[in-house]
Amino acid sequence: MGAFWSVVGGEEGGSPETGLGDLPELCAAAVMVNLDPTEICQLAKMNRVFRGAASADFVWQAKLPENYSYLMGFVSDEKGRRRFRKKDIYARLCRPISLDGGNREFWIEKRKGGVCMAIASKALVITGIDDRRYWSYVPTGESRFQYVAYLQQIWWFEVVGEIDFCFPAGTYSLYFRLHVGRPAKRFGRRVCTSDHIHGWDIKPARFQLSTSDGQQSLTQCYLDKPGTWVMHHVGDFVVRKSNDPIKVKFSVAQIDCTHTKGGLCVDGAFIYPKGYREESIFDIRC
């Protein structure tokens, strides 16, 4: 182990030796092309050769989505876009970029470069949202948008969303993030108010997804887990060409008018590359 580190440092037994510090920067960069971005950043800490190689444009070009120019078009700092290196572009796309007045945002996940998107409840079409007898927007720190739509009671429950976007090629999963009951803080502790919860155990909610190129998905699920945010899987869709926009329409509904239903928070909808593991921080249903 000591011998290894002495070789890395360029000397062993007090004598100068050829080490990793003598590796040509271009060779180091060629190795980095095959690594994950997190591994590249770790190697960059080793010495100046790897640090310089980690800034090479062709290293980060390989990590960027094919349509990164389209994605960067949503960055408001146009002057900054022109002077960005590929490394800077990658770093910027990893941070959320707001759309629709802040009611939607997207970013790329760091390992594979697929796009993630979050869509707030205010960007969705919610039946009855303008009638305070049924719905209200309530502030909460449990949403990335700092608010959720809360349903007190309604006969016809339906939430519809639609996006038109150029996703990088790949397979994507779409979810609704819902919470039965109203979360709140009381004396510094999280509690769930269950006063309005009713009607969700009679019929399942229907989750639907369709795309402009004919893909469709339909699932049903009872909303039966109060007190927990649940990511309900609506369906998957495939993007074949990165530079072609795809229109995705999605909804959740429970429109059996023989009974009312209520006590539900709608945070919004989320789109992740299929298999994206960070989604496991939520309880996933359906």
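User: Before we look around, what makes a contact a salt bridge?

Analyst: A salt bridge is a side-chain nitrogen of Lys or Arg within 4 Å of a carboxyl oxygen of Asp or Glu. A word on the source: this is a predicted model, where local features need pLDDT of at least 70, side-chain atom pairs count only at pLDDT 80 or more, and totals for chains, interfaces and linings use all residues. Residues are numbered from 1 along each chain as its sequence is written, and side-chain values use heavy atoms, with hydrogens and water left out.

User: Why is the contact of Arg190 and Glu142 called a salt bridge?

Analyst: The N to O distance between their side chains is 2.7 Å, and the limit is 4 Å, so the pair qualifies. Arg190 lies in strand β12 and Glu142 in the loop between β7 (135-139) and β8, so the pair ties together parts that are 48 residues apart in sequence. Strands here are DSSP runs (E, at least two residues), numbered from the N terminus.

User: Which salt bridge does Asp267 form, and are its two residues buried or exposed?

Analyst: Asp267 pairs with Arg177, and their closest N and O atoms are 2.8 Å apart. Asp267 lies in strand β17 (residues 264-273) and Arg177 in strand β10, so this pair ties together parts that are 90 residues apart in sequence. Both Asp267 and Arg177 are buried.

User: How many salt bridges does a search of the whole structure find?

Analyst: The search finds 9 salt bridges.

User: What makes Trp155 part of a nonpolar surface patch?

Analyst: Patches are made of residues with over 30% relative accessible area and no salt bridge; like charges are joined within 9 Å, and nonpolar side chains (Val, Leu, Ile, Met, Phe, Trp, Tyr) within 5 Å. Trp155 has 46% relative accessibility, so the area condition is met. Trp155, Trp156 and Ile255 make a patch of about 320 Å². Trp155 itself sits in the loop between β8 (147-151) and β9 (157-165).

Notes: Areas by Shrake-Rupley, 256 points an atom, 1.4 Å probe, with all protein chains shown as cover. Helix = DSSP H or I, 4+ residues; strand = E, 2+ residues; numbered from the N terminus. Buried < 20%, exposed > 50% of the residue type's maximum accessible area, 1.4 Å probe, protein only.
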